[in-house]
Amino acid sequence: MPVLLFFTLFALLDFVILFSVGAKIGLLTTLLLVLGTGFLGLHLIKREGVATLRRAQERFARGEIPSEELMTGAALIFGGALLMAPGFLSDTLGFLCLLPGTRRWLGHLLQRLPAHMRGFSVYTYRSGDAGWQESARHDTDAERRHTRHGEGEPLEGDFIAKDEPRQ
């Protein structure tokens, strides 16, 4: 419910700012600014998206998981959606998501949020026999117990050969 309230208030504030600025500078200028930011946003999304895809492919080729590139892609999609919405507040936040320096800054801000506020648990992948392991970034013991997998249990999606004895 708080997320819905946040998005509602954000949209209302965005329209209030759009209409206030539109009343000062005129309808045609406001429309040109909104359309211009949309096209500029599309150009930045294309340019940054291609560069992010290239970096992700390079990391895959080296056998690494492109986690940073996945976060960058999510920020690009979110920023692009904000740029498509009419309004100056959403355009400002959308450009912040698209520019590399501010995107990293926003990522650091999101990392400071506790894991239970972000709505997911943090796992890291270590190469070798260990596989996916829980990160030490959990806030409470209850949260750690809730997300821990038992020893020797295959994770959903693990392959067990026909000849292999089941436990």
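Reader: Which residues does Thr-72 touch, not counting those up to four places away in sequence?
Author: Thr-72 touches Thr-52, Arg-55 and Arg-103, once residues up to four places away in sequence are left out. Keep in mind that this is a predicted model.

Reader: Okay, and where is Thr-72 placed?
Author: Thr-72 is in helix α3, which covers residues 67-84.

Reader: Is Thr-72 buried or exposed?
Author: Thr-72 counts as buried, because its relative accessibility is 9% and the cut-off for buried is under 20%.

Reader: Let me zoom out. How many helices and strands are there in the protein?
Author: The protein has seven helices and two strands. Going along the sequence, the pattern reads α-α-α-α-α-α-β-β-α.

Reader: And what share of the residues is buried?
Author: Of the 167 residues in the protein, 25% are buried.

Reader: How does α2 sit against α4, what's the angle?
Author: Helix α2 (residues 27-61) and helix α4 (residues 88-98) pack at about 15 degrees, with axes 11 Å apart. That angle makes α2 roughly parallel to α4, because angles under 35 degrees count that way.

Reader: Is the crossing left-handed or right-handed?
Author: α2 passes α4 in a left-handed crossing.

Reader: Who's making the contact?
Author: On the α2 side, the contact is made by Thr-30, Leu-33, Thr-37, Leu-40, Gly-41, Leu-44, Ile-45 and Glu-48. On the α4 side, Phe-88, Asp-91, Phe-95 and Leu-98 take part. By class, the contact of α2 with α4 has seven nonpolar, three polar and two charged residues.

Reader: And α4 with α5, how do their axes cross?
Author: The axes of α4 and helix α5 (residues 100-112) cross at roughly 95 degrees and come within 5 Å. That makes α4 roughly perpendicular to α5.

Reader: Which residues in α4 and α5 meet?
Author: Phe-95, Leu-96, Cys-97 and Leu-98 in α4 meet Pro-100, Thr-102, Arg-103 and Leu-106 in α5. The residues of the contact of α4 with α5 divide into six nonpolar, one polar and one charged.

Reader: New topic: where is Leu-13 found?
Author: Leu-13 is in helix α1, residues 2-25. Leu-13 is partly exposed, with a relative accessible area of 44%.

Reader: How far is Leu-13 from Phe-88, going by C-alpha atoms?
Author: Their C-alpha atoms are separated by 9.9 Å, while Leu-13 and Phe-88 are 75 residues apart along the chain.

Reader: Last one. Among contacts between residues at least 6 apart in sequence, what share joins residues at least 24 apart?
Author: In this protein, 44% of those contacts join residues at least 24 apart.

Terms used: Residues are numbered from 1 along each chain as its sequence is written. This is a predicted model: local features need pLDDT of at least 70, side-chain atom pairs count only at pLDDT 80 or more; totals for chains, interfaces and linings use all residues. Side-chain values use heavy atoms; hydrogens and water are left out. Axes are lines fitted to C-alpha atoms, for helices over the stretch in contact, and angles run from 0 to 180 degrees between N-to-C directions. Helices (H or I, at least four residues) and strands (E, at least two) are DSSP runs, numbered from the N terminus. Angles under 35 degrees count as roughly parallel, over 145 as roughly antiparallel, 65 to 115 as roughly perpendicular and the rest as oblique. A crossing is left-handed if the near helix is turned anticlockwise from the far one by less than a right angle, and right-handed if clockwise. Contact means heavy atoms within 4.5 Å. Ala, Val, Leu, Ile, Met, Phe, Trp, Tyr, Cys and Pro count as nonpolar, Asp, Glu, Lys and Arg as charged, and the others, Gly among them, as polar. Buried means under 20% relative accessible area, exposed over 50%, partly exposed in between (1.4 Å probe, protein chains only).
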